[in-house]
Amino acid sequence: MSRISNRQLVITFLACRLSAEMMTPSAETVLYGPDRFTAIFLAKIIAALLYIPLILVTLRFKGDSPVTCAFRRNKVFGVAVGVILAVTLTAAAVQTVISVEHYITDTLLNNILTISGIAVLVAVSVYGALKGLSAVTRSSVFAAAVFGLLIFLIGVTMWDKVNPDFIYPAFIEDGRYFVKCTLSEISMNSEILIFAVITDEIRSKPHKTVLYYLPLLLVILEFLNLLYNLILGPYMSKIEYPLYIIASLSDIVIFRRLDGIDAIVWLMCGIIKTALIIYCVGRIYSVCSKKPDTKKAVVVYGAFIFMLCMVLGSDRTVYEQFRSVMSGGIHILLGGVLIPLTVLVAGRKKQSGGEKK
Amino acid sequence: MSNSKKLPDLSEKSVESINSGDSRLAANLNINCSEVRRLMNNSSDLIIKYFSSDGHRMAVITCEGMIGKAELANLIFRPLVSAPPKIQDDNEFFTKVCSDMPIAEEQKQVYDYDSLCLYIMSGFAVLLCDGAEFGIAIGIQGFAHRSIDEPSTHINLRASREGFIEVVRTNVAMVRRRMKSPTLKTIMMTVGERSKTDVSVCYLTDKADMNIVNAVTDKLKNIPLNTIAGGEYLQSFLEDDDSVLFSQIYATERPDVFVSKLYEGRVGIIVDGTPFALVLPCLFAENFVTMDDYTHKPYFSAFLRIIRFFAFIAGAVLPGLYVALCNFHPEMFRSALLLNIYSSEQTTAYPVFGECLIMYILYEIMREAGLRLPQSIGHAVSIVGGLVIGEISVSAGLMSAPVVLIIAATGLCSFAVPDLYDSCMILRLVFIVAGGTFGLFGITAVGVVIFFRMCSKNSYGVPYTAPFAPVTLKSIIRDTFRRESWKKLSDTDMTVQQLSGKAKSGHDTERTGGNEQDK
């Protein structure tokens, strides 16, 4: 079994999470004003709470994932846990692929066929999943490097466009928007589902991943929000992809705008996230079927994802309905919280039963 | 013809009998000599010189051109003819010669025909004596070879001018001269069923990972090739996956580079007959390092390294990026540039994608033609390529000037990192097709596939993309993007095994297909 480090996974999670943030049209959830700063902060505290059952599982079962623990407890229970996690991961994968495809259509290629866009995305992701967890997580370092370059170039080219007057002291101005923004921030945390599957493959102390990841994510998101506020100000409420717009306003002498680099970063991150999810489903299959070779399963699952994306992604209204369901965060609650809690309780029952015997 | 009729067809049979190792020498000189002649198919370069020493019939068997004639006369004939041991019995006489007359520093007893033939073909002179059931192989190799010269590749400004040559032992001596440490160990072995090519495995016992050393020697022993004409023959057997675009084995013509790689815990392989030594494990980042980096000031070396990284990326991606921007994202160009491109494209017959492809293929044809032709004609090809194809195609309206410029610039860029030229060439074509088909989306998709591919590979347990991924900030800062000063580099001895993500056992990792542990 391949093993990765906490640091490696933190970078990958950041790439996954930020891509979700950047590629989700944010006309309603990214509004000008101080509310979002507070919403991001509160959302990270709630996210930390959501991770607690999963951390407890890893601490209690020496780093094992809920699927592995459940399968060890009882085969049927293990398969049930695996299926639920696979379903929630599938929902996250479909949302990711379609949002990436829409992002490409909205930014890079207006005339790309949905089928070709989704086919390329899924094919590359399946390839990554076949190459393994290390390949995917290591690749995220390169995406992070391009992101760093983008932020550096934006900083160099846009410093004169920063307007500090756009920032004003306040806490929560619009309660309804605040709740909506917080919920949206929480529902984007589908990394918890990935974490629930691959804790087995983290080299040591999986809970440390969360300890590094959430604070770093908080800092980056707050920084980006500050960037939006300082550069775009009130205009940020009128646009869908704020960082893309900021990048398109940049001028770096060689190119007139940086939006291409922005699109490349989030496209890379989106593919990495999809590859990671497909890998996770392959891993669930491996645990439940006790077969180490998951190549066929990964390819078949990739084809399944492709078909689902074609059904849901070809019509924007259907996708919007699907997204509104997902923005409730039900998949996170189910796969990231309820499943680990159930595994914890089941493990406790077995222990107490063993003591009675 | 008559000879060939008398002699059986031994081309296969003799080799089998030699390899079996069951044919021991007889006590009769004539039988031994005729058997050697038979085994060597009465080859014209086989020389058997009979002579007598104090009444004992003897013979020296050599291969023409493989020995030093002066050494043969001075070390063998003169002492044996002028001052032989005074012993009557043939066997005792020859044993005395072997034990008490140190003829040459490399002197071995031979008891069977297969060893005897191998020594003869390796440039030894084999001394036989009537009545003795063994021979003495004497190392007086004197075959003609190229003298030590400046390497033709990896040219450096201030580093050593010495390069490896085709003789393995001379190369090993060059390594030893640079590393006078008892921890430098060399293992000499023969590879190739027929060619019996000498291969020397070199490593520092206190630096190299023994799992890697064992894995390398195991693989070398099990190479099923008949003939090894160069180190490149071994590469695909030593690589985990030879279908990878980037080579996982570093080839160098420079002994100084070879020694410095050994010092970093790597294993070196010197193959007889080629001036290129192999080093492994090899990392992607190593391709951007030259020996001159360590002779210049650190700030200048760091600048050059960043230039090389940039050149490689530009060499691979620039034409594809240009096609993508022209076809799909023209808004990214500056207005003046866009107008220039637009006006030049108006006068050409092909779309940008087609232009780039044609120009790229023409460029590669010119490069290949210039490379293979004699130097004098090669210049003519350059003139034809540069002036006729470049200039005339633009003025004739077949190609646009920006495309010619882009392809020429990327050609130059790819030469900045010669070790990655072949990878860069293929990547360029792939990116042109991807950029022309899907624009930046296609380029990103191909880029991610390449990242996945590169990141999934381990070179003997060490991640190929280390220290970038998995990240080892210390190593990146210390000696990857920038070159630290020698004062700081001397603080710690870092080996390749210490890089992040190194598997516990390189050999195991290799066999399990690259499942590794990241630190």
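I began with one strand pair: eight bridges join β6 of chain B to β7 (residues 197-204) of chain B, and the two run antiparallel. Strands are DSSP runs of E of at least two residues, helices runs of H or I of at least four, both numbered from the N terminus. Two strands count as paired if DSSP finds at least two bridges between them. Within this pair, M188(B) stands opposite S200(B) in β7(B).

A note on the source: I am reading a predicted model, where local features need pLDDT of at least 70 and side-chain atom pairs count only at pLDDT 80 or more, while totals for chains, interfaces and linings use all residues. Residues are numbered from 1 along each chain as its sequence is written, and chains are lettered from A and ligands numbered from 1 in the order in which they are written.

Next I looked up the whole sheet. It is open, has five strands in the order β6-β7-β9-β10-β8 (chain B), and pairs antiparallel. β6 (184-191) and β8 (250-252) of chain B are the edge strands, each pairing on one side only. From one strand to the next the twist averages 25 degrees. Helix α8 (residues 210-221) of chain B packs on the sheet and touches β6, β7, β9 (267-271) and β10 (277-280) of chain B. The direction of α8 makes about 175 degrees with that of β7(B). Axes here are lines fitted to C-alpha atoms, for helices over the stretch in contact, and angles run from 0 to 180 degrees between N-to-C directions. Contact means that C-beta atoms, placed from the backbone, lie within 7 Å.

I then checked chain B as a whole. I found 19 helices and twelve strands in chain B. The domain assignment, automatic or from a database, gives domain 1 (2-138), domain 2 (168-293) and domain 3 (295-455). The centres of domain 1 and domain 3 of chain B, taken over C-alpha atoms, are 61 Å apart.

I turned to the chain contacts. In chain B, 30 residues are in contact with 33 residues of chain A. Helix α16 (residues 421-455) of chain B supplies the largest share of the chain B side, twelve residues.

Last, I looked at L280(B). Leaving aside neighbours within four places in sequence, L280(B) is in contact with several residues, including V216(B), L238(B), I249(B), Y250(B) and Y460(B).

Definitions and conventions
Contact = placed C-beta atoms within 7 Å.
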